[in-house]
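Hello,

I am handing over the structure below. My notes on it follow.

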Amino acid sequence: MNKHILSTSMALLLCLGACAQSQTSVQNKTAVKFSASIDKTNAYKHLSVLASDEYEGRETGKKGAWMAADYIKNYFKSIGLKGPVQGDYFQPIDMVTYKLTQTVFTIDGQAKESNKDFVIPAANVSLQGFTFNTKEIVFAGYGLDSEGYNDYAGIDVTGKVVLIFASGNPGRKDEAAPTDRAARRKAMASKREKIQYLANHKALAVIQIDPSLDTLNEETKAMYAGSGQLSLKTAENTARMAKVKTFPTINVSTATANELLKAAGTTVEALQQKISSTGKPATQVINIAVSGSAQKDEVKVRAENVLGFLEGSDPVLKKEILVITGHYDHIGLTLSGTDKVNNGADDDGSGTTGVLLIADAFAKAKQAGKGPKRSILFMTVVGEEKGLLGSEWYSEHPVLPLENTITNLNIDMIGRVDKEHEDKQDYIYIIGSDMLSSDLNAAGINANEQYIKMNLDMKYNNRTDPNQFYYRSDHYNFAKHGIPVIFYFNGVHEDYHQPGDEVSKINFDLLARRAQLVYYTAWDLANRPKRPVVDKNEDGTPKK
């Protein structure tokens, strides 16, 4: 080989290497420069508003969530992001709930008062509603059919309205309300089994004697009304709801039950004592006219994702989109206790704040002529707490093509510390980064090593973890479409979904550092020559 040519080639290679290093260094310095506004002061400025009592816990479909959506929209607009939804920042979601619009119960032709004398659980009313009218009812004690004790012995309940105790058993007159979660689930299962027995034996309806109605509070009313159940209005959901079959159920107070039992010359207390003392059923037919009816209707719910778009600077790469998300909704108000607002400062006020901080940093870079080559969609979604509804809607109705979406970086809870890290708080859980793309995983790790040097905890980064975190936040609605994701998460803590999730408990220094990690990862992804290669299938197997 000619020595002169060899020397020239080596010099050229060294020059190219030096130029690449110099270019990378400039990029790094630029990234650091525009990260400055991602700090604790700006984080507090946003979160102190979004997680304030005024926003009432930001429940989807309620005033607080609409206020949060307006705040985010106005902020996106103020920093120069564009509205990508036909010029707007809101992506309306076709979301509905199903509410009781009619509940009637009469005794001997006299109408009783709903939510006082009786309630009809919304969960036990289908879209077809129900109505019944009968001249007699069957009292069947505790509604049990078990070995050694059978309230239905010798009784055919086909076509009958059956009156039973909602809870308790033949051995005790009263049964304390279960306190732990497992006991409550068991009690609920027992109630469902009783109703299922009557449905299977073709009873007409059931009336349950429910002492909790004797002092009916607002929380219990809301529970029976079932108004918090939201769903997307899709053809599949509409067809599913139309097929749902329920069994007519009416819960009555002790006083209302005594009105029914008066026709048999007895009372609730007398029957409980009789069954308890004899250990035998007191099943009997009671001649009294009762009727009941209920209607449930579909009600549209206002809900929207909030989108801010930053167009990339490269004429070719700008067609590709990086999506950065956090959910701005939370669980709203609780009706008991002195502190009724579930502020959701960490869940996910912190993630929403992170999205706003990162959006501002990139917007400043673009204004200075240093904007990212690829486009970035900053999106705060609604309905996460109702079943990832906002992100599901976007993934099925994308404003920007999913095939052009290179990655989703999802931020859900980055402002607190879990018990495992109380002694070493500079950490973040990383979930999903290697599920679909080795490239993306490497990019996330490299950004941390280069800029932040935080502990990246991969404890929950698998599909079989019992907590199932990979499936429980909005990134999953991108991952299921084959889009690689990283989910940033600080883990749960004692205030998770509690009124104690307050701004005062947020570690703003840590929130800012975690948001910076997402920013630096986004900076790399938005400027690298090629998008992350998807080299794994959804089940984790290598792509061929």
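**Notes on the structure**

At 0% relative accessibility, Tyr-470 counts as buried, where buried means under 20% relative accessible area, exposed over 50% and partly exposed in between (1.4 Å probe, protein chains only). The model is predicted: local features need pLDDT of at least 70 and side-chain atom pairs count only at pLDDT 80 or more, while totals for chains, interfaces and linings use all residues. Residues are numbered from 1 along each chain as its sequence is written, and side-chain values use heavy atoms, with hydrogens and water left out.

**Aromatic rings**

How many aromatic pairs does the structure hold? There are 22 aromatic pairs; rings of Phe, Tyr and Trp (its six-membered ring) pair if their centres lie within 6.5 Å, and planes under 30 degrees apart count as stacked, over 60 as edge-to-face and the rest as tilted. One of them is the edge-to-face pair of Phe-139 and Phe-165, at 5.6 Å centre to centre and 80° between the planes. This pair links distant parts of the chain, with Phe-139 in strand β6 (residues 137-139) and Phe-165 in strand β9 (residues 161-165), 26 residues apart. Helices (H or I, at least four residues) and strands (E, at least two) are DSSP runs, numbered from the N terminus. Both Phe-139 and Phe-165 are buried. Tyr-470 and Tyr-476 also pair edge-to-face, at 5.7 Å centre to centre with 75° between the planes.

Ring pairs also join Phe-362, Phe-378, Tyr-451, Tyr-519, Tyr-520 and Trp-523 into a cluster.

**Nonpolar cores**

A nonpolar core is a set of buried Ala, Val, Leu, Ile, Met, Phe, Trp, Tyr and Cys residues joined through side-chain atoms within 4.5 Å. The largest has 99 residues, of which Phe-76, Ile-324, Phe-378 and Tyr-519 touch the most other members. Helix α13 (residues 508-527) gives this core its largest share, twelve residues. Leaving aside neighbours within four places in sequence, Tyr-519 is in contact (heavy atoms within 4.5 Å) with residues including Phe-34, Ile-38, Ile-358 and Phe-362. Another core, of 30 residues, lies apart from the largest one, and includes Tyr-142, Ile-207, Leu-260 and Ile-275.

**Helix α9**

Helix α9 (residues 345-367) has 23 residues and should span 33 Å at 1.5 Å a residue; its end C-alpha atoms are 31 Å apart, which agrees. The expected span is 1.5 Å times one less than the number of residues. Of the 23 residues of α9, 20 are buried, so the helix is largely enclosed by the rest of the structure. Just after α9, Gly-369 takes a positive phi of about 80°.

Regards
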